[in-house]
Amino acid sequence: MTRAELAWELADLFTDLKVDQINEVLAKNVPYETLEFFNEYGEDFGASEGIDDPTRKRLPNLLLLGYILRVLEERLLPDGEPGDH
């Protein structure tokens, strides 16, 4: 599986999960301090860039999805996998 395929699979999976299932995935894979950081950073970045409130509230989710994808890549893909740049 390539990194791009893994990313699409993760996006599809998250689309199908219920809120309690997403919370379980987060609790098992993301330290609480990291969640707090993403919330604060997303808010600060969005405010400094003039991003409107509805979009700014979604920035932490985007950061978090990227983090989870990276964790999965490290766990599942060997070094030197195609698309590794």
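What you're looking at is a predicted model, where local features need pLDDT of at least 70, side-chain atom pairs count only at pLDDT 80 or more, and totals for chains, interfaces and linings use all residues. Residues are numbered from 1 along each chain as its sequence is written, and side-chain values use heavy atoms, with hydrogens and water left out. The protein chain has five helices and zero strands; here helices (H or I, at least four residues) and strands (E, at least two) are DSSP runs, numbered from the N terminus.

**The whole chain**

- Reading from the N terminus, the elements go α-α-α-α-α.
- The C-alpha trace spans about 40 × 30 × 25 Å along its principal axes.
- The chain has 85 residues, and 24% of them count as buried. Buried means under 20% relative accessible area, exposed means over 50%, and partly exposed is in between (1.4 Å probe, protein chains only).
- Take the contacts between residues at least 6 apart in sequence: 67% of them join residues at least 24 apart. A contact means heavy atoms within 4.5 Å.

**Surface and charge**

**Helix H1**

- H1 takes in residues 3–16, which makes 14 residues, and its first and last C-alpha atoms are 20 Å apart, close to the 20 Å expected at 1.5 Å a residue. That expected span is 1.5 Å times one less than the number of residues.
- Its buried residues are Arg3, Leu6, Leu10 and Phe14. They cover an arc of only 65° around the axis, so they sit on the same side of H1. The arc is that of the directions from the helix axis to the C-beta atoms.
- Helix H2 (19–29) and H5 are included in what covers those buried residues.
- Turned away from the buried side, the other face of H1 carries the exposed residues Trp8, Thr15 and Asp16.
- Asp12 is also in H1, and it counts as partly exposed because its relative accessibility is 45%. Asp12 and Arg56 are 44 residues apart along the chain, with 23 Å between their C-alpha atoms.

**Helix H3 and its neighbours**

- H3 covers residues 32–48, so to speak a run of 17 residues, and reaches 24 Å from first C-alpha to last, close to the 24 Å expected at 1.5 Å a residue.
- Thr34, Phe38, Gly42 and Gly46 are the buried residues of H3. Looking down the axis, they fall within an arc of 85°, so they line one face of the helix.
- Those buried residues pack against helix H4 (53–56) and H5.
- On the other side of H3, you'll find Tyr32, Glu33, Glu40, Asp44 and Ser48 exposed.
- Just after H3 comes Gly50, which has a positive phi of about 70°.

**Leu62 on helix H5**

- Leu62 belongs to H5 (residues 59–76), and it counts as exposed because its relative accessibility is 58%.
- Leu62 and Phe38 are 24 residues apart in sequence, yet 9.1 Å apart in space, C-alpha to C-alpha.
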